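Morning, everyone. I have one structure to walk through, so let me put it up.

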Amino acid sequence: MENLDQKFDETIKMGLEIVKETEEDRLMTLSVGPQHPGSGHFRFTIKVDGDYIVYCDPDPGYVHRGEEKMCEYRNFIQNIPHLERPVIHDSTNITYSYSLAVEELANIQVPLRGQYIRALASELNRQVYTLYWLGIYGIFLGHSTMFMWPVGDRELFIDLLEALTGARVTHAFNIPGGVRNDMPEGFRDRCLRQVAYFEKRLAEYEDIFYNNPLFRQRTEGVGILSKEDAIKLGVTGSVLRASGVPFDVRKAEPYDIYNEIDFKVQYMQTCDSFARSMVPLLDMKESCQIIRQLLDKMPKSGEVRAKLQPNPKGPAGESYKRVESGRGALGYYIVSDGTPKPYRVKLSVGSFRNMLALPFLLVGSKLADMPSIYWSLNYWPVEADR
Amino acid sequence: MIYARPGRTKILVPSNEIVEVASFIRDTLGFDHAESVSGTDYPKDNQIEVIYHLSSYSDDKLSSQVMALSTRVNRDDARLPTLINIFKSAEYHERETFEMLGVYFDGHPRNERFLLPEDWADIPPLRKEFRIKGR
């Protein structure tokens, strides 16, 4: 017994000495990830001083697949299926800007009905992604209903996309020149019905999740990213719009038929995690009425894709095109040397750009706020790594 | 000036002038952030082209514009001054360009591994002489 007391005293002494030794020893280093800090393999190292985070270093790359290098070995059409792998839940949008860029390079005109169906698929897919993101946010905050509901309602849009494209998640639907196939019979009515039901659900989401005092406590006033900082860090998508910058590529630089669609850019001024989780909800509401407009204004018949040569190619040149994806602006920079294979493809993805805000927001905040800040950044690790 | 199309402008500047040109683009023209930084390898010219795609959030008139600021460096001694003091948003993009193409950014705090595995011991993978196995 005496021995044990002695050891105990020694341990206390050692502990005190360690704390006294240097200021650095007060800090504890924690490694968050790489095994799914929430979703997707991503690691960041943080140092905490008591409750507060004083250092953060993101370490991505656990799901790096070399998409950009792979593109150089395949022709423009073969690239589509592997390019949607970085973000399978938003696969229509990640191939959208690729198709736009290839169309510019090879000078391909997309038929009007093709443009509408493409935009429709893109809106439906954005809903799928945002609902999945919202579900994961629920896991992060320990709110299991918030996981079950959005992931369940996501099936509404997955079913629609399955009817439209033939695949549940990875569609390979957008191709240079338009879309792969026309809408099936009765799709319009089914789509309108499901969207009307979903709008009712969104109102319930607001009540049960966003007006939940616990959810508000954990997100309001947490992780403030001011407008100036958001611009300086070059963040995009809902993170940017939550900081009071009404920027949306669909409005700023309308592609395809978006200049004929009447919609408002949703943004908030409060700059906190709550705003960053609220803006995607507002986007989903706005998206519902965009879907209705697209279905109404769509030409009743016509071609949905342009006839292409077997191996489309254009003259040597380059193109930079962007669209608004679930995570913000998604740009493709493609350099062509005149052959059917691209010479260089660069993806500028929202997740990679938003990652810069992570250390910026985490340093100085409490460790307990880490989950609500991290996932509010709309960060998809697989997309950031490419 | 390489081209000026609707919404897209590309300029090519010598590498020793890029910092001044970038300051001019930010302060006078109003482009406030970098959307992407990419490098393209041209072994035939023995050069690497580094290109910054710049855009603007604060000026509504510029929001549809993307300015491509590019420069070329020698492949054997690829060094460029960093632009992160002008465009903070380029920080991770430049770091990625360093590891993927081996362009060293003078003044960048971290020219080190980012996406590649920790034990990566090959040449930068986006250089053209790096071949995917079996292809």
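How many residues does the contact take from chain B, and how many from chain A? The contact takes 27 from chain B and 28 from chain A. Contact here means that the C-beta atoms of two residues, placed from the backbone, lie within 7 Å.

Ground rules before I go on. This is a predicted model, where local features need pLDDT of at least 70, side-chain atom pairs count only at pLDDT 80 or more, and totals for chains, interfaces and linings use all residues. Residues are numbered from 1 along each chain as its sequence is written, while chains are lettered from A and ligands numbered from 1 in the order in which they are written.

Back to the side of chain B that touches chain A. Strand E3 (33-42), strand E5 (66-74) and helix H2 (91-101) of chain B each supply at least two residues to that side. The largest share, six residues, comes from E3(B). By class, that side has eleven nonpolar, ten polar and six charged residues. Nonpolar covers Ala, Val, Leu, Ile, Met, Phe, Trp, Tyr, Cys and Pro; charged covers Asp, Glu, Lys and Arg; the others, Gly among them, are polar. Helices (H or I, at least four residues) and strands (E, at least two) are DSSP runs, numbered from the N terminus.

Now chain B as a whole. It has two helices and seven strands. Along the sequence the pattern reads β-β-α-β-β-β-β-α-β. The radius of gyration of chain B is 15 Å, close to the 14 Å that the globule rule gives for 135 residues, so chain B is as compact as a globular protein of that length. That radius is taken over C-alpha atoms, and the rule is 2.2 Å times the number of residues to the power 0.38. The C-alpha trace of chain B spans about 50 × 30 × 30 Å along its principal axes. Of contacts in chain B between residues at least 6 apart in sequence, 59% join residues at least 24 apart. Buried residues make up 41% of the 135 residues in chain B. Buried means 20 or more other C-beta atoms within 10 Å of the residue's own, exposed means 12 or fewer, and partly exposed is in between, with C-beta atoms placed from the backbone.

Over to chain A. An open sheet of three strands runs in the order E1-E2-E3, with antiparallel pairing. Strand E1 (28-32) and strand E3 (52-59) of chain A are at the edges with a single partner strand each, so one side of each has no neighbour in the sheet. Two strands pair if DSSP finds at least two bridges between them. Five bridges join E1(A) to strand E2 (residues 43-49) of chain A. In E2(A), A:Thr45 is the bridge partner of A:Ser31.

Next, helix H5 (residues 112-140) of chain A. At 1.5 Å a residue, its 29 residues should span 42 Å, and its end C-alpha atoms are 42 Å apart, which agrees. The expected span is 1.5 Å times one less than the number of residues. Of the 29 residues of H5(A), 26 are buried, so this helix is largely enclosed by the rest of the structure.

A:Asn378 has a positive phi of about 55 degrees although it is not a glycine. B:Asn46 also has a positive phi of about 55 degrees. Which one is buried, and which exposed? A:Asn378 has 27 C-beta neighbours inside 10 Å, so it counts as buried. B:Asn46 has 11, so it counts as exposed. Questions, please.
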